[in-house]
Amino acid sequence: MVEEINISPAVEALDDLQSKNGSGENDKFLMKERFEIDFSEHLTWLDNNSAKAYPVTDRIDSTRRLFALVCDNETSPRLSILPYLKSIDNPALMKLIEYGTIIYSPEKSHNMALIYEMPTGGKVFEDGVSHIDLQTSTEKFRKITLSLAGVVDVFKGLGITHRAIRPDNLYYRDDEKTEIVIGDCAASFPAYHQPPMYETIESLMADRQARGNGTDKNDMYSVGMTLLSLVIGKDIAKDLSAPEILRQKIRKGSFTFASSLEKIPNQYVAVFKGMLHDNVESRWGYNYIFNELEGKPNSHNSQNHEEKAKRALTINAEKVYTPSEVVYMMYSNIDEAYDLIVQGKITDWIKSSLEDEKLAAKFDSLTKQEQASGGNKDLTVARAGILLCPNMPIRYKGIVFFPDGIAKAVFLQFKHQKNVDTFVEVFGSDLIKIWYQEQDTLRSSANTTEFKLYILRREIGYGIERIIYDIDGDIPCISPLFGQELVYGPQQVLKALNNAFSDQNISKAPYDRTIIAFLRCRMGKKIENILADLNSSREELKAAAIMHLYANMQNKYGPAKLTNLTAWLGNYLKIIIKIYHNRKYQKYLEKELLKLSKNGKIYEIVELLENEHALEKDRIDYANVLNEANLLMNERNKILSNSSKLDDEARDAALRFASILAIVMMTASFAFNLISWVLN
Amino acid sequence: MKQNKAKTEKTPLGDSFKRLNWFQKSALVFFLIILIITTFPIVLILLVGLLPTMTVMYTDRRNYDKQIIIGCFNLAGVFFYLFGVMSDYAVRKGNFDIVNDVTMLIVMLGAAALGLVLYNELPHLYIHISHSNYKHRIEKINSRLEKLAEEWGIENQKPEVNTDEAKF
């Protein structure tokens with residue numbers, strides 16, 4: 001999905017603007033030749049999801065009132081939902097007009113900007129207070145509820161979630177303040193900025209960066225709580241801490257807890273009960289809400305809270321009755337939870353109180369396994385938590401996450417240069433696989449079973465980097481080689497390397513584990529052979545692999561000229577020159593490489609360094625030269641090692657010559673004297 | 001090799017002579033005495049002129065190269081005098097003056113001496129020439145190898161022998 005997003009025009013546009021901008025125009029950025037973002041005026045009231053808001057002028061239609069949310073690079077925008085958001089035209093949703101990467105001059109960085117229609121009526125909640133009277137106006141309540149729930153339903157239809165529905169993200173679309181719209185949901189991680197009151201128990205238990213995309217049920221819960229705030233007229237439970245809210249929600253149930261804080265008008269109780277149901281399956285969807293508000297009968301009327309067990313289980317001196325309470329307490333008291341599991345007390349409790357034989361059998365198996373082998377307490381408690389309450393997040397050694405949110409948590413760890421060993425352990429275990437096996441509706445991605453393999457493989461292109469980019473299409477590539485550049489797809493990789501190049505980098509290879517893992521995930525199996533070469537022990541093979549990969553990428557994605565990158569490659573690829581044996585040819589290649597490095601075209605370098613004809617000729621010539629050198633060295637060794645033998649040979653030859661000479665002399669003398677004698 | 005060859009070879013003349021009975025031996029000796037008396041000047045020249053060859057054959061029985069070289073040169077010198085004697089055989093018959101001809105003695109013995117000089121010095125000359133040839137060849141090889149190393153990066157391996165012991 002990510003590959004479908006065309007960000008490159010924005011990147012090219014920003015370069016154009018960068019070159020056009022004079023010193024006085026640095027406060028503006030022209031996106032896609034149309035939308036002019038003015039950084040000199042900060043619209044703080046529209047800041048949202050850690051993104052900063054600035055006014056935008058549409059050069060084609062200047063009457064439109066637009067603003068841009070410039071995303072913070074600390075987290076990452078939800079790229080995968082942007083095309084959907086752009087296509088949605090719902091009166092209760094702030095309209096996304098355009099998006100793209102920009103140069104954010106106030107912070108001198110590259111950021112993603114989302115351009116929205118300006119909600120001219122302002123925020124619904126000013127200083128945490130709303131002035132809409134919903135307590136008496138049932139019709140208004142019905143209209144707002146259906147419009148907000150309708151947005152969730154639209155998202156559900158597209159297979160996406162909002163995860164940022166909360167009071168401070170509601171705006172009046174018009175000056176007359178007649179229409180309410182839900183604001184941005186894509187500028188940051190899903191549910192990352194959600195206040196604890198507006199998140200479900202499960203989501204609240206997870207680390208906020210690892211809440212994952214969730215489902216429409218999460219959004220419906222948020223709509224319920226937001227509506228409750230609207231009805232009451234203020235942001236509820238604003239002063240309570242997140243752990244306290246979580247504890248209360250688990251203890252009492254979300255609706256009971258909310259109603260204990262504020263009085264809910266009787267006519268709305270049924271709707272809120274349905275929307276704030278803690279049991280995901282029983283939580284109302286759009287149709288139930290519509291039926292309720294339209295006075296039509298609903299087929300299903302469920303209990304408000306999870307069924308309590310007959311007998312309590314005591315953990316940390318506290319009596320707990322429901323599986324979610326047990327899991328919550330287990331996660332808070334790992335040592336005690338482990339002892340309870342190993343001693344079989346939780347199994348007994350399940351059998352006697354929950355009367356769930358299937359679950360008891362699973363626990364029994366886990367208990368026996370632990371009794372036999374012993375081992376990792378956190379792992380055992382995590383497994384127990386998954387079995388007991390499958391919709392809860394996984395907790396392992398202090399990190400609590402949903403499998404679809406773990407990639408973002410790892411991303412933040414990398415971003416802050418923190419240790420990721422715990423995450424490596426998670427991927428090296430079967431926790432994520434077990435979690436998906438226990439889900440009724442969710443299906444794991446195809447690669448889940450391969451995580452363990454990826455972790456075990458130390459080669460480049462595998463490891464935890466591969467997993468996070470496999471799981472999550474939203475997170476950008478965070479290689480240190482990119483500097484301040486933003487890379488969301490393979491289209492931007494070369495450009496970012498080109499822009500981020502500096503003399504300090506020249507000695508480094510123009511790639512690293514992160515880039516290769518990212519490209520493998522985004523470009524697919526077609527670069528699998530490149531991985532094989534990159535993991536070779538021969539440096540020249542690695543260099544050749546990178547050269548081919550980048551040349552193909554430049555041919556496919558552009559840009560046509562990458563002067564800095566070719567200079568970088570020119571230095572790095574010198575090692576390939578050494579595969580040629582002829583020194584003169586090597587020097588010739590070095591000179592040519594230097595020339596081509598200035599052209600910025602990688603394929604020219606490939607043509608130079610991988611000339612089949614030259615390579616073959618060099619190979620043949622080298623073989624001949626080797627042969628000649630061997631013969632010469634053998635001859636030299638023979639002369640040096642057999643000197644006495646050669647002396648003997650010379651002596652023999654001398655004597656042979658002397659003997660022949662003597663015989664010839666004798667014969668000549670004989671013949672001469674004989675002839676003289678005969679003649680006389 | 002030469003020694004082995006010398007050991008296995010036996011003088012056929014000696015063996016044949018041993019196999020003769022006393023009558024045959026006596027007849028042979030008698031015949032030889034008659035031959036010496038009738039060809040006395042020639043025998044005398046051969047006895048005097050081939051003295052160096054006979055000395056070498058006696059002192060260096062197994063050194064055939066030496067025997068051949070000295071013997072052949074000696075014979076070449078002897079032939080000059082021998083054919084001269086044969087021309088005026090009737091005049092010189094029974095005359096011992098022939099041994100008083102110093103020139104002829106110098107020619108015969110000098111030829112043998114030349115053979116001895118060649119036998120002794122020619123090998124040294126040859127070895128010297130071959131040494132200088134090999135040295136030149138090694139220089140050429142080294143120069144070629146250096147050129148190849150420069151052009152192709154081939155490692156110019158050092159000779160495996162101890163260069164101190166090498167003569168070149």
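What is the mean pLDDT of chain A, and what share of its residues reach 70 or more? I started there, since this is a predicted model. The mean for chain A is 87. I noted that 94% of its residues reach 70 or more.

Entry: Over residues 1–24 of chain A, pLDDT stays under 50. The model still has 44 contacts beyond four places in sequence for that stretch. Where pLDDT is low, predicted coordinates should not be read in detail.

**Entry: domains.** I listed the divisions of chain A. Domain 1 covers 2–118 and domain 2 covers 125–293. Domain 3 spans 313–471, domain 4 spans 480–610, and domain 5 spans 643–680.

I then took up domains 2 and 3 of chain A. Their centres, taken over C-alpha atoms, are separated by 29 Å. I found 13 residues from domain 2 and 16 residues from domain 3 in the contact. On the domain 2 side, helix α4 (residues 201–205) of chain A gives the most, with three residues. I sorted that side by residue class: seven are nonpolar, three polar and three charged.

**Entry: chain A against chain B.** Next I checked the contact between the chains. Chain A puts in 38 residues and chain B puts in 40 residues. On the chain A side, α26 (583–597), α28 (612–641) and α29 (643–679) each supply at least two residues. The largest share comes from α29(A), with 21 residues. By class, I have 22 nonpolar, 10 polar and six charged residues on the chain A side.

Entry: I traced three strands of chain A that form an open sheet, in the order β7-β10-β11, with antiparallel pairing. The edge strands are β7 (122–123) and β11 (180–182) of chain A, and each pairs on one side only. Two bridges join β7(A) to β10 (residues 170–172) of chain A. I also noted that A:Lys123 stands opposite A:Tyr171 in β10(A).

**Entry: cores.** Which residues have the most contacts inside the largest nonpolar core? I found A:Ala68, A:Leu69, A:Ala113, A:Leu114 and A:Met547, in a core of 186 residues. Leaving out residues up to four places away in sequence, A:Ala68 touches A:Ile37, A:Ala53, A:Tyr54, A:Val56, A:Ala113, A:Leu114 and A:Ile115. A second, separate core has 28 residues, including B:Ile68, B:Phe73, B:Tyr81 and B:Tyr119. In soluble globular proteins, nonpolar side chains tend to be buried together.

Conventions
Residues numbered from 1 in each chain as written. Chains lettered and ligands numbered in written order. Predicted model: local features only at pLDDT ≥ 70, side-chain atom pairs only at ≥ 80, totals over all residues. pLDDT = per-residue confidence, 0-100. Contact = placed C-beta atoms within 7 Å. Domains from an automatic or database assignment. Helix = DSSP H or I, 4+ residues; strand = E, 2+ residues; numbered from the N terminus. Nonpolar A, V, L, I, M, F, W, Y, C, P; charged D, E, K, R; others polar. Pairing = 2+ DSSP bridges. Core = buried A, V, L, I, M, F, W, Y, C linked by C-beta atoms within 7 Å. Buried ≥ 20, exposed ≤ 12 C-beta atoms within 10 Å, placed from the backbone.
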